[in-house]
Amino acid sequence: MKNYFTSTVGRKQLVAVGGLGLALFLFTHMAANMLILFSPKAYNIYSHKLITNPLIYIAELGLLGLLFLHMMLTMALVFRNWGARKKAYAIRPKGKAAATLSSRTMWFQGSVILLFLISHLLTFKFGEYYSVTYDGVEMRDLHRLVVEVFQNPAYVVGYMFCLVLLYGHLKHGVSSLFQSFGLSNVHEKVISAVGWIYGLVVVGGFISQPIYVYFFYKG
């Protein structure tokens, strides 16, 4: 068992498990936030039920653990690969054997996404506090905060840039799940399509929110 956690295959599978958990969270987070397209009340009531649920702390700890596992094992694999390359390749692989731009820059994408995540939490979870009352219940007016932030063009441009990186990260990560668990017999085009569609759905959903607020919302 110890060999599994220190082997390249074992670490890749654990990275895949952590990445899968985070990818599923991103889908549910995106889907719930689409409520912003419907009404401030629906968005705020959903947010209130979520953040006042005592299980939220367990969920946040679980996500933090998955993120930590994903990052630490990925860094260990990257450093192991760099250490193994004591000599530059005499002939770089070409065609299907060549690494894609997305796979070569996964560490860069992950670093930028981590900084984006920290900024996202500081802006929305720990940001300005507004309150609103629905049916006699006072709650945080997160809809007002989101609308204010997404009406800042500099923030929207930076947000979009990070989401484009997230798309590349998701597309490559979801596709790599099959290889990490030895499912390489699945047709290559099917694997690529699954990663492409998943990344497009998640990132497309997130991108639609600032676009809606910036160009179409009439509060």
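Helices here are DSSP runs of H or I with at least four residues, numbered from the N terminus; their axes are lines fitted to C-alpha atoms over the stretch in contact, and angles run from 0 to 180 degrees between N-to-C directions. The model is predicted, so local features need pLDDT of at least 70 and side-chain atom pairs count only at pLDDT 80 or more, while totals for chains, interfaces and linings use all residues. Residues are numbered from 1 along each chain as its sequence is written, and side-chain values use heavy atoms, with hydrogens and water left out.

Select residues 8-33, helix α2, together with residues 153-180, helix α8: they pack at an angle of about 130°, with axes 9 Å apart. Next, display the side chains in contact (heavy atoms within 4.5 Å). On α2 these are Lys 12, Gln 13, Ala 16, Leu 20, Ala 23 and Leu 26; on α8 they are Leu 166, Leu 170, Leu 177 and Ser 180.

Move to Ser 47, in helix α3 (residues 40-51). Is Ser 47 buried or exposed? With a relative accessible area of 7%, Ser 47 is buried (buried means under 20%, exposed over 50%, partly exposed in between, with a 1.4 Å probe and protein chains only). Its side chain reaches the backbone oxygen of Tyr 43 at 2.8 Å.

Finally, select Gly 219, in the segment after α9 (188-216). Gly 219 counts as exposed, at 92% relative accessibility. Its C-alpha atom is separated by 9.4 Å from that of Pro 40, 179 residues apart along the chain.

Note on methods: Helices (H or I, at least four residues) and strands (E, at least two) are DSSP runs, numbered from the N terminus. A polar contact is a pair of N or O atoms within 3.5 Å; within protein, one must be able to donate a hydrogen and the other to accept it, and residues adjacent in sequence count only if both atoms are side-chain atoms.
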